[in-house]
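Please read them with the structure open.

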Amino acid sequence: EGAINRIAAGEVVERPASAVKELVENAIDAGATRVEIAIAAGGKTLIRVTDNGCGILPDQLPLALSRHATSKIDGSDLLDIHTFGFRGEALPSLGAVGRLTITSRVKGADAASISVAGGKLSPVKPAALGQGTIVELRDLFYATPARLKFMRSDRAESQAITDVVKRLAMAEPFVGITLRDVTGGGEGRVTFRADAESGDLFDALHGRLARILGAEFAENALRIDAEREGLKLIGYAALPTYSRGSSTAQYLFVNGRPVKDKLLVGALRAAYFDFLSRDRHPAAALFIDCDPQLVDVNVHPAKSEVRFRDPGLARGLIVSALKHALAEAGH
Ligand code: ADP
Ligand code: MG
């Protein structure tokens with residue numbers, strides 16, 4: 001069981017950034033409006049995610065740590081997925097590769113905590129906490145030296161964590177997110193901060209993109225709002241003059257989930273084909289939302305690839321919506 005957990009864990013948790021992604025997604029799934037992340041040594045020695053979400057009841061804590069236990073799906077329809085989590089894999093995986101402590105409190109109930117190290121659970125203990133959850137992961141991969149060896153420098157792992165946090169922050173403009181580096185103790189240093197945005201979705205998204213991609217992107221961004229046969233596309237795409245020499249300013253999301261998908265990136269390129277030379281890349285943050293039945297997000301455990309039931313429809317929607325916006329802006 002221990003060995004199997006550790007092997008399976010490798011698929012979900014490749015590096016500190018993947019642990020951060022799973023924990024922040026859990027916080028968002030729990031309805032949090034504030035998420036605070038603290039890391040030390042590039043997340044290798046400490047990752048702590050604090051949220052003000054719904055919390056976990058004391059008697060549910062052991063369940064949250066057992067494999068394939070999820071409160072988010074009833075098992076009847078694996079395709080009908082509305083939350084980030086659905087596999088019930090992240091927490092048990094993290095408990096197999098690090099020292100994990102969860103402290104949580106549901107409004108009106110007692111706070112409690114549970115720890116797991118090397119796959120072994122401690123008993124649930126009373127704790128003190130306001131509403132929400134703190135998940136603390138220490139010494140990631142301490143029990144798997146082979147994986148430890150593959151981790152990169154603290155700086156590189158921190159950078160990967162910042163990237164993950166920025167993508168999640170883009171997808172959740174109404175959630176306030178702070179990332180702190182607490183290497184060396186104390187309050188640490190804030191390395192990323194985005195306060196909760198307000199207004200309608202487009203206002204909030206525009207504000208969040210200005211925060212993350214900068215005012216210049218926001219000023220040059222065309223609003224995208226289109227729909228075709230049950231696929232909805234919203235977001236902002238920059239004017240060709242704002243294009244970049246690398247593709248690093250391309251952010252794509254499907255049902256709120258950050259994805260790196262060839263089909264979608266290809267569609268983005270195709271829309272700008274007439275306006276950009278080969279060495280320039282369009283900049284955009286685009287969100288496709290659809291009935292979970294129309295897209296399979298279950299392709300890879302790290303969940304960054306997707307498979308549309310009708311790939312041509314997704315591609316066509318992006319190409320036509322972007323071309324239309326560019327034409328309206330005089331291109
Ligand atoms: P999944 O997210 O796929 O359900 P996880 O292993 O990530 O699986 O989490 C297991 C369960 O623990 C979740 O289904 C949820 O009930 C609970 N949980 C985890 N993190 C939180 C959190 N921050 N707030 C409230 N509940 C949580
Ligand atoms: Mg999860």
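1. Terms for helix packing. Axes are lines fitted to C-alpha atoms, for helices over the stretch in contact, and angles between N-to-C directions run from 0 to 180 degrees. Helices (H or I, at least four residues) and strands (E, at least two) are DSSP runs, numbered from the N terminus.

2. Basis. This is a predicted model, in which local features need pLDDT of at least 70 and side-chain atom pairs count only at pLDDT 80 or more, while totals for chains, interfaces and linings use all residues. Residues are numbered from 1 along each chain as its sequence is written, and chains are lettered from A and ligands numbered from 1 in the order in which they are written.

3. Confidence. Mean pLDDT (the predictor's confidence in each residue, from 0 to 100) is 89 for the protein chain, with 89% of its residues at 70 or more. Residues 77–81 fall below 50, and this stretch has 10 contacts in the model beyond near neighbours in sequence; a contact here means C-beta atoms, placed from the backbone, within 7 Å. Where pLDDT is low, the predicted coordinates should not be read in detail. For the complex, the predictor gives an ipTM of 0.99 and a pTM of 0.90.

4. Overall. The protein chain has 10 helices and 16 strands. Of its 331 residues, 41% count as buried (20 or more other C-beta atoms within 10 Å of the residue's own; exposed means 12 or fewer, partly exposed in between, with C-beta atoms placed from the backbone). Of the contacts between residues at least 6 apart in sequence, 68% join residues at least 24 apart.

5. H6 and H7. Helix H6 (residues 154–171) packs on helix H7 (residues 201–213) at about 165°, with the axes 9 Å apart. H6 is therefore roughly antiparallel to H7 (over 145 degrees; under 35 is roughly parallel, 65 to 115 roughly perpendicular and the rest oblique). The crossing is left-handed, that is, the near helix is turned anticlockwise from the far one by less than a right angle, clockwise being right-handed. Lys166, Ala169 and Met170 of H6 meet Arg208, Leu209 and Ile212 of H7. By class, this contact has 4 nonpolar, no polar and 2 charged residues (nonpolar: Ala, Val, Leu, Ile, Met, Phe, Trp, Tyr, Cys and Pro; charged: Asp, Glu, Lys and Arg; polar: the others, Gly among them).

6. H9 and H10. Helix H9 (residues 262–272) and helix H10 (residues 311–328) pack at about 30°, with their axes 8 Å apart. That angle makes H9 roughly parallel to H10. H9 passes H10 in a right-handed crossing. The residues of H9 that meet H10 include Leu263, Leu264 and Ala267, and those of H10 include Ile318, Val319 and Leu322. By class, the contact has 11 nonpolar, no polar and 2 charged residues.

7. Val306. Val306 lies in the loop between strands E15 (295–296) and E16 (307–308) and counts as buried, with 24 C-beta neighbours inside 10 Å. Its C-alpha atom is 9.6 Å from that of Leu264, 42 residues away along the chain.

8. The loop between E7 and H5. Asp139 sits between strand E7 (132–138) and helix H5 (145–150), and Phe141 is found in the loop between E7 and H5. Asp139 has a positive phi, near 55°; Phe141 has a positive phi of about 70° although it is not a glycine. Buried or exposed? Phe141 is buried, with 22 other C-beta atoms within 10 Å, while Asp139 is partly exposed, with 16.

Notes:
Two residues are in contact if their C-beta atoms, placed from the backbone, lie within 7 Å.
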